[in-house]
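Work through these exercises with the structure open beside you. Try each task before you read its solution.

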Amino acid sequence: MATVTFDQATRIYPRAERPAVDALDLAIADGEFLVLVGPSGCGKSTSLRMLAGLEEVDAGAVRIGERDVTDAPPKDRDIAMVFQNYALYPHMTVGENMGFALKLAGVRKSEIATRVTEAAKILDLSDYLERRPKALSGGQRQRVAMGRAIVRSPQVFLMDEPLSNLDAKLRVQTRTQIAALVQRLGTTTVYVTHDQVEAMTMGDRVAVLKDGVLQQCDTPGALYDRPANVFVAGFIGSPAMNLVTGDAVDGGVRVGSAVLPVPRDQLDRAAAGNGRVTVGFRPESMHQVGPGEGIPVLVTVVEQLGSDAYLYTKLAGEGADDVLHPSDVVVRTDPRTAATAGQQLWLGVREGALHVFDASTSQRVD
Amino acid sequence: MTLASDSRRPALIVETPAPRNGPAAPRRRTRLTRNRWGYAYVAPFFLVFAAFSLYPFLYTAWVSLHQVNLSNLDGGTWVGLDNYTKLLHSQFFWNAARNTLTIGILSTVPQLCMALGLAHLLNYELRGRTFLRVVMLMPYATSIAAATLVFAQLFGRDYGLINSLLEVVGLPRIDWEGGTWTSQLAISAIVTWRWTGYNALIYLAAMQSIPGELYEAAEIDGASRWKQFLHVTIPSLRPTILFTVVVSTIGAVQLFGEPLLFGGRGTTTGGTSGQYQTLGLLMYQQGWSNFHIGQAAATAWAMFLIIVLIVGINALVGRLRSRNDR
């Protein structure tokens, strides 16, 4: 068990215009499950590989516990990694795959056997120890990759999108299994994913990256309730938060033909840049109001999900038909909604549910 | 089929298969007719193969059962398996077989090991990698004659570069061509020099298809570069290694040009006491120096059977291994 610290860690690929990871500062507590999330190319995998020792650290430092491992080779870091495509050794049996690291470390055969059997029991792989990876299903291979990591009882688990090669149903199932397993072992874990749902459901804390820069690192709840900037606001949550930029006017922000009320001093600070303000409101914090009261919108698509329904709407009077951007505002509503495409609605935002951002800096203003 | 389709294709997909008891004969004929062009396309290869491989192959077998001289190729006398029994009782055959075996081992084993090592090195990110790869293939592109003559100079007794170097460091000169082991070593060196790069490129191609994550996983598991080579590279290359072993073995059994030219005089005796006469040289000597074509044909067939035997054993080993893998 150990803490993990990124201290201004930077990775610049040769001939790249900007750093892949730019001065990353992260402190991960002992036993914590931290998820690195972001769109592709944001530097999340690179950060993980820097921690693994598979990627050089060009500036700054990486520490595991009190030890500076910035220049240590992977084998001296006491870490185990689960790869996206599992990287199982094809010519070794499941048991040999799981015991390989111990064998290299010179652990006694009987000891290896006990530890492998134990891990196999936890992962429900006992019947497959003599098989080779190619004779296993995708889910079983994924579990072997997990088993290879846990038999070593390392200080830190590193997982690089370990679920993205599974089908949707198995992914959800395995997601909870991994979370439960890691919680039971109590090992510090750094987990990389591009899927914000995975990040929100698994992580003790979630670090959102974009273009190599850390945007925000907080608990899932805090990320959802208080996103630090427009990017995090739009990235976390599904469907995404509605973000609309409008002019600051007396008493609020103009959205379409309506004005969303924003407290005076908050509005002043948000509009300090260029007089424009970005407001965000989540689909579930909206409700229909009487005609002529709130924001007038036109329903373009109705999505029925059984438990909920989502209305994809356009601000009324905004531009012509645009198939690629069919909606400005998404509303969660009662699953048995009577709304139909083409209908005009008026929407209100629940009090206190409005997120306000400075349009020039994209930063949150409270 | 109410959905009238503009092509017949969707309709064909939906249609239930024709009843089995329908007329089968016309159908088969259609298939043959349809395939006729296919046979026409592959015919040239098989014609050439029949004329230049199959016919000589069978004719050699026929000749090997006769006593034939170069002067009367068509008028041999039937001797049955005499040529083969003679061959098996001939000390020249066993000498040549032994030489072929030792030269084969001396050249193939180091050649393949070095090729593996070279491929491993070239698989790293190196500056000028393409250049190095081209350089490696150069020996393969040189003619045997030119290469062997240069090597004969290097291994020369009186003015050879190697003996001069030996002398510089205070070692005695070696009569490379005169001795059994020394001559075979020298010939193996030529073969190794020529074929190492070729095999290295084959290995390199196979290595590049090994996923990089395997090496990263091994690195995290604590494997040194050497252990990675041992536990990731070699197992992944197993089929390729088997292939190169088979190809090199065939080449080794048929070894001819290098020992022929190594003496510098182009004689088929393989040295004064036949110390480096291979089966290929022996066959040539029997046929074209002693004019016993029947005998030469028997030797040729013996070589072929040796190759079949070795390749068969290899295939068997490979199959057993892959069965164990399952």
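Angles under 35 degrees count as roughly parallel, over 145 as roughly antiparallel, 65 to 115 as roughly perpendicular and the rest as oblique. Keep in mind that the model is predicted.

**Exercise 1.** Find how helix 9 of chain B and helix 10 of chain B are oriented to each other.

Solution. Start by locating the pair: helix 9 of chain B covers residues 212-220, and helix 10 of chain B covers residues 225-253. Next, take the angle, which is about 135°. The axes lie 10 Å apart.

**Exercise 2.** Which residues of helix 9 of chain B meet helix 10 of chain B?

Solution. From helix 9 of chain B, take L214(B), Y215(B), A218(B) and E219(B). Their partners in helix 10 of chain B are Q228(B), H231(B) and V232(B). Then sort the residues of this contact by class: four are nonpolar, two polar and one charged.

**Exercise 3.** Describe the contact between chain A and chain B.

Solution. First, count each side: chain A gives 17 residues and chain B gives 14 residues. Then look for the elements of chain A that give two or more residues: they are strand 6 (79-82) and helix 2 (94-104). Finish with the classes: the side of chain A that touches chain B has 13 nonpolar, two polar and two charged residues.

**Exercise 4.** Summarise chain B as a whole.

Solution. List the elements: chain B has 13 helices and two strands. Then check burial: of the 326 residues in chain B, 30% are buried.

Key:
Residues are numbered from 1 along each chain as its sequence is written. Chains are lettered from A and ligands numbered from 1 in the order in which they are written. This is a predicted model: local features need pLDDT of at least 70, side-chain atom pairs count only at pLDDT 80 or more; totals for chains, interfaces and linings use all residues. Helices (H or I, at least four residues) and strands (E, at least two) are DSSP runs, numbered from the N terminus. A residue is buried if 20 or more other C-beta atoms lie within 10 Å of its own, exposed if 12 or fewer, and partly exposed in between; C-beta atoms are placed from the backbone. Two residues are in contact if their C-beta atoms, placed from the backbone, lie within 7 Å. Ala, Val, Leu, Ile, Met, Phe, Trp, Tyr, Cys and Pro count as nonpolar, Asp, Glu, Lys and Arg as charged, and the others, Gly among them, as polar. Axes are lines fitted to C-alpha atoms, for helices over the stretch in contact, and angles run from 0 to 180 degrees between N-to-C directions.
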